[in-house]
Amino acid sequence: MIEPGSTSPESLPFGLSEEALVALEFSAQVAVLEAGTYVASRFETQLVVEEKEDATRSLVTEVDRDSQRLVEAHMRANYPEHALLGEEDPPDADPPAPDFVWAVDPVDGTTNYANALPTYAVSIGVLFRGAPVVGACYIPWPNERGYSIFHARLHGGAWRDEQKIA
């Protein structure tokens, strides 16, 4: 899943180490796989679909909320000092701003998902002091497993599963 690059510590911002970024990228992949597996297990099942009570009036399901809780539980267990900024947070939530923030869209494409269209994702981006350093997405994919995980880290390139994307 993860392959360390040849990034020197001097080229990473704010004293971040490559080892820390590799571990964070791996953790984001584990979290997105756990949430994605749950979301996929609920695909084409009976869903409670609601409209958000904000200006967008976009759709939200219990699967969105549960997926976000799974990512948050993983993050808190492994990185308790990090914060989570999730799409399903109440609009009046004012999260703290520590060095690391996990930005999560627990079902990216809820309208497609709720209408049984397999064009959705579970997306995680990790920011360090406001700059993106890690990303991971679970996407239904027509392969043997039925999904792929796209992931990347600062100076580490982008990958689809174990294959580097050129």
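**Note on the predicted model: rings, core, loops and confidence**

1. Tyr147 is a buried residue, its relative accessible area being 16%, where buried stands for under 20% relative accessible area, exposed for over 50% and partly exposed for the range in between, with a 1.4 Å probe and protein chains only. The model is a predicted one, in which local features need pLDDT of at least 70 and side-chain atom pairs count only at pLDDT 80 or more, while totals for chains, interfaces and linings use all residues. Residues are numbered from 1 along each chain as its sequence is written, and side-chain values use heavy atoms, with hydrogens and water left out.

2. Searching the whole structure gives 7 aromatic pairs. One of them joins Tyr138 and Tyr147 in a stacked arrangement, with 5.0 Å from centre to centre and 20 degrees between the planes; rings of Phe, Tyr and Trp (for Trp, the six-membered ring) pair if their centres lie within 6.5 Å, and planes under 30 degrees apart count as stacked, over 60 as edge-to-face and the rest as tilted. Tyr138 is buried as well, at a relative accessible area of 4%.

3. The face of Tyr147 also has Arg145 lying over it, at 4.4 Å from the ring centre; the criterion is that NZ of Lys or CZ of Arg is within 6 Å of the ring centre and within 35 degrees of the ring normal. Elsewhere, Phe43, Tyr113 and Tyr120 are linked into a cluster by ring pairs.

4. The largest nonpolar core has 32 residues, among which Trp102 and Ile124 touch the most other members. Helix H1, helix H2 (62–78) and strands E4 (100–108), E5 (121–128), E6 (131–140) and E7 each supply at least two residues of this core, and its largest share, 8 residues, comes from H1. Such a core is a set of buried Ala, Val, Leu, Ile, Met, Phe, Trp, Tyr and Cys residues joined through side-chain atoms within 4.5 Å, and the helices (H or I, at least four residues) and strands (E, at least two) are DSSP runs numbered from the N terminus.

5. H1 covers residues 18–42, 25 residues in number, and its span of 36 Å from first C-alpha to last is close to the 36 Å expected at 1.5 Å a residue, the expected span being 1.5 Å times one less than the number of residues. Glu44, in the loop between H1 and E1, has a positive phi of about 60 degrees although it is not a glycine, and Glu44 is exposed at 63% relative accessible area.

6. Ala116, which is not a glycine, likewise has a positive phi of about 60 degrees; Ala116 is placed in the loop between helix H3 (110–114) and E5 and counts as partly exposed at 33% relative accessibility.

7. Glu88, in the loop between strand E3 (83–86) and E4, counts as buried at 16% relative accessibility and touches Lys52, Val60, Asp64, Arg65, Gln68 and Pro106, residues up to four places away in sequence not being counted; contact here means heavy atoms within 4.5 Å. Asp161, in the loop between strands E8 (157–160) and E9 (163–164), counts as buried at 11%, and its C-alpha is 7.5 Å from that of His151, 10 residues apart in sequence.

8. On confidence, the mean pLDDT of the chain is 89, with 87% of its residues reaching 70 or more, pLDDT being the predictor's confidence in each residue on a scale from 0 to 100. Over residues 1–10 pLDDT stays under 50, and the model has 23 contacts beyond four places in sequence for these residues. Where pLDDT is low, the predicted coordinates should not be read in detail.
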